[in-house]
Amino acid sequence: MSKTFTPSIATPAVITANDLRMGHCVWMRDGGWTADPREAQLFEDEAIAEIAMLDAIGQANLVVGPYLAEARRGPDGRPEPTHFREAFRRRGPSNYFHGIQAELEASNV
Amino acid sequence: MFDARPQHNEYLRHRAQQFRSQVARRLDGSLTEDEFKPLRLMNGVYLQLHAYMLRVAIPYGTISPDQMRTLALLAEKWDKGYGHWTTRQNIQYNWPKLVDIPDMLDALADVGLHAIQTSGNTIRNVTTDAYAGAAADEVVDPRPYAELLRAWSTDHAEFQFLPRKFKIAISGGEKDRAVIAAHDIGLRLRRNEAGELGFQVWIGGGLGRTPILGQVVREFLPEADLLPYVEAIISAYNLAGRRDNKYKARIKITVAERGLDVMRDEIEAEFLNRRAVFTGVDQDMVAEFRAVYAAPAFRNETDGDYEERRAASVGFRSWTDTNLSTHKAPGYASVMVTFKAPGQTPGDASADQMRLLADLAERYGHADLRISHDQNVVLPHVHKSDLFALYSELKAAGLATANAGLVSDIVACPGMDYCALATARSIPIAQEIADHFRARDIEDEIGKIDIRISGCINACGHHHLGHIGILGLDRAGVENYQITLGGDGYDIPAIGQRPGAGFPAEEVVPAIDRIINTYLDLRDSAEERFIDAYRRVGAAPFKAALYPVNA
Ligand code: HEM
Ligand code: SF4
């Protein structure tokens, strides 16, 4: 889903991709990548998002298929997905608790 | 004739080694993703929503116990302990790491399996009847021909860059159990009036965005002409098929746009050229494959205590009533093991279940296993005297669900729980429907019915062929489900029709419930299946139940 739209204060966005080696979903944070979507950087400015996208595309040795995904600022200021597809990407499949989310949770205990 | 039979394991190891080097070059930056993607797709490697996916071909669904154990090994060692049967007699692994896939391909090569041509615009895994070599109504076992087509099509240089993917199905029974009308080429074995063996040849079928049933391009093709004729069809398509638009690149569109007669003329002309250069090696190969697929030495024994066991155990009786098919050998039955137990993801098989089936096939099933296109596994040859023992072992492993062909035996694609192309989920919908009708305890009363679900228009779950089909869509950022009625992949191939608007996720189960209640009310007897009742009365009563005016 490489929907192109312009991030702004009204329609903020995160940059997301898949990890090249492992395949799991990752989100951009401080120019690097995190598997925790709550830590993703929220872009509310077109020019900054554009530069960050170029940076993401340049990291093809780490990630596959980066794109801007619409998000919103949650009550705690952290990004939340606006579309169900992005919600599933951060949550993992609904039939098993599998994937990076499960691994993160296990490592937090 | 080019012979690249994938059971030549050295060749498969060479291919795995090649991919290993391609992965290494992708990781060290000497290949870009754009350069790498076609190479990984040539090895059945997709990138999905949460992980990579590896699709392994199970040639015409026939698999040996040792191959099954290798599938279990892959699930356990490099995945999360399970694999997923598809509707095209493949298995998909949902969680491999890119760096591990060359090892997985090596392990497959050890037993003659591979992922070649499970993706890309080439001839895909040839599919056939899961009951091949066993069914009572069989004209002849289609597998020697399926094997010929596989040997010929694997790495066939001319057909590596077709306009689009290409699917061939072949059926050997009086009844079609390979859904030949939904394939690019469908082949139906039959005898002519003189008793000679040949094929009825269908072309131009396919589901996806534009579902179209195939048409008969040749009523009777002598069996010896199979390869030159199939070559002629694919060659004609390779030339005429559209390459300007991905969605119009399938042979179904070529046939629809140019007309069957034009295609037939081109195919027949090309066929004459091609047949002239065939040397007969192909016929030697069929003879060889016929020996490989000779019927096992069927035992000539009594049924033992089969009938007494049936009388004594309600569970066993219900399972034999529902999950067995008539075998051509006296004293035998074919067993459908469904992967649709309560709570299960349709088609998911754990490593333990795969290993158990491998053992059971050796003990009770002449070491033969089949993956069916409804995401189940068939033990084609089981003697009746062994059925109770088999049932008991399956039951202990949770694999004796007596629901083959019933309302909870739902075919579902991975949908948005895994698939990057999906527009909605399909797995939870399938699970909710199955749970609902189990809770109502009316599965047996409803009888045979085909429910099929896809998470997008690509139709991997074959929803067009469901008596009740469900298609997941995205309506303004919300999951929405379109229902179709009257599809059929078996007796009388038909594409399901859409009675009206789609439903939000939480209204799908109530909608299906209304359809089923309507059927139960209007069927003329308990023997009249849903699809037969639908054909008799038409869509109107179901439409009225789905969309009550005052709702
Ligand atoms: C999750 C990974 C999968 C991907 C990325 C994928 C991709 C696709 C695509 C792109 C199409 C459309 C083809 C067209 O336009 O003709 C398609 C069709 C199809 N796929 Fe899949 N698929 C996946 C999983 C499956 C599974 C799990 C099954 C079986 C349950 C399956 C079986 C089929 C079948 C039978 C079709 C019908 C096409 C036809 O008849 O024309 N695929 N798939
Ligand atoms: S039908 Fe769509 S959602 Fe389902 S597996 Fe195929 S491509 Fe994915």
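Predicted model: local features only at pLDDT ≥ 70, side-chain atom pairs only at ≥ 80, totals over all residues.
Two strands are said to pair if DSSP finds at least two bridges between them, and the strands themselves (E, at least two residues), like the helices (H or I, at least four residues), are DSSP runs numbered from the N terminus.

Residues are numbered from 1 along each chain as its sequence is written, chains are lettered from A and ligands numbered from 1 in the order in which they are written, and side-chain values use heavy atoms, with hydrogens and water left out.

**Exercise 1. A sheet in chain B**

Work out in which order the strands of the open five-stranded sheet of chain B stand, and which of them stand at the edges.

Solution. Begin with the order, which is 16-17-18-19-20 in chain B, with mixed pairing. Strand 16 (411-412) and strand 20 (503-504) of chain B each have a single partner strand, so one side of each is left without a neighbour in the sheet.

Next, take the pairings in turn. Strand 16 and strand 17 of chain B run parallel and are joined by two bridges, and across this pairing Ala412(B) stands opposite Ile453(B). Strand 17 and strand 18 of chain B are also parallel, with four bridges between them, and here Ile451(B) faces Ile468(B) of strand 18. Strand 19 (residues 478-485) and strand 20 of chain B, in contrast, are antiparallel and share two bridges, with Asn480(B) opposite Pro504(B).

Finally, look at what covers the strands. Helix 14 (residues 427-440) of chain B lies across strands 16, 17 (451-454), 18 (468-475) and 19 of chain B, and it runs at about 160 degrees to strand 17; axes are lines fitted to C-alpha atoms, for helices over the stretch in contact, and angles run from 0 to 180 degrees between N-to-C directions. Strand 17 of chain B is covered on both faces, since Ile451(B) and Ile453(B) on one side and Arg452(B) and Ser454(B) on the other are all buried, where buried means under 20% relative accessible area, exposed over 50%, and partly exposed in between (1.4 Å probe, protein chains only).

**Exercise 2. A loop residue and its contacts**

Is Leu465(B) buried or exposed, and which residues are in contact with it beyond its neighbours within four places in sequence?

Solution. First locate Leu465(B), which sits in the loop between strand 17 and strand 18 of chain B. Then read its relative accessibility, which is 2%, so Leu465(B) counts as buried. Contact means heavy atoms within 4.5 Å, and by this test Leu465(B) meets Val179(B), Ala182(B), Leu207(B), Arg452(B), Gly487(B), Asp488(B), Gly489(B) and Ala494(B).

**Exercise 3. Helix 7**

Find which residues of helix 7 of chain B are buried, and which elements they pack against.

Solution. The buried residues of helix 7 (residues 251-258) of chain B are Ile251(B), Lys252(B), Ile253(B), Thr254(B) and Val255(B). They pack against strand 9 (197-203), strand 10 (215-222), helix 6 (226-240) and helix 8 (260-277) of chain B. As an example, Ile251(B) has 0% relative accessibility and therefore counts as buried. Leaving out residues up to four places away in sequence, Ile251(B) touches Phe166(B), Asp184(B), Gly204(B), Ile233(B), Tyr237(B) and Met263(B). After helix 7 of chain B comes Gly259(B), with a positive phi near 95 degrees.

**Exercise 4. Two ligands**

How many nonpolar, polar and charged residues does the shell around each ligand have?

Solution. A residue is near a molecule or strand if one of its heavy atoms lies within 4 Å of it. Ala, Val, Leu, Ile, Met, Phe, Trp, Tyr, Cys and Pro count as nonpolar, Asp, Glu, Lys and Arg as charged, and the others, Gly among them, as polar. Around ligand 1, the shell divides into nine nonpolar, nine polar and six charged residues, whereas the shell around ligand 2 has eight nonpolar, four polar and no charged residues. The residues around ligand 2 include Cys413(B), Cys419(B), Cys456(B) and Cys460(B).

Now consider atoms. A polar contact is a pair of N or O atoms within 3.5 Å (within protein, one must be able to donate a hydrogen and the other to accept it, and residues adjacent in sequence count only if both atoms are side-chain atoms). A polar side-chain atom of Arg250(B) lies 2.3 Å from an oxygen atom of ligand 1, and one of Arg164(B) lies 3.2 Å from an oxygen atom of ligand 1. For Arg55(B), an N or O atom of the side chain is 3.3 Å from a nitrogen atom of ligand 1.
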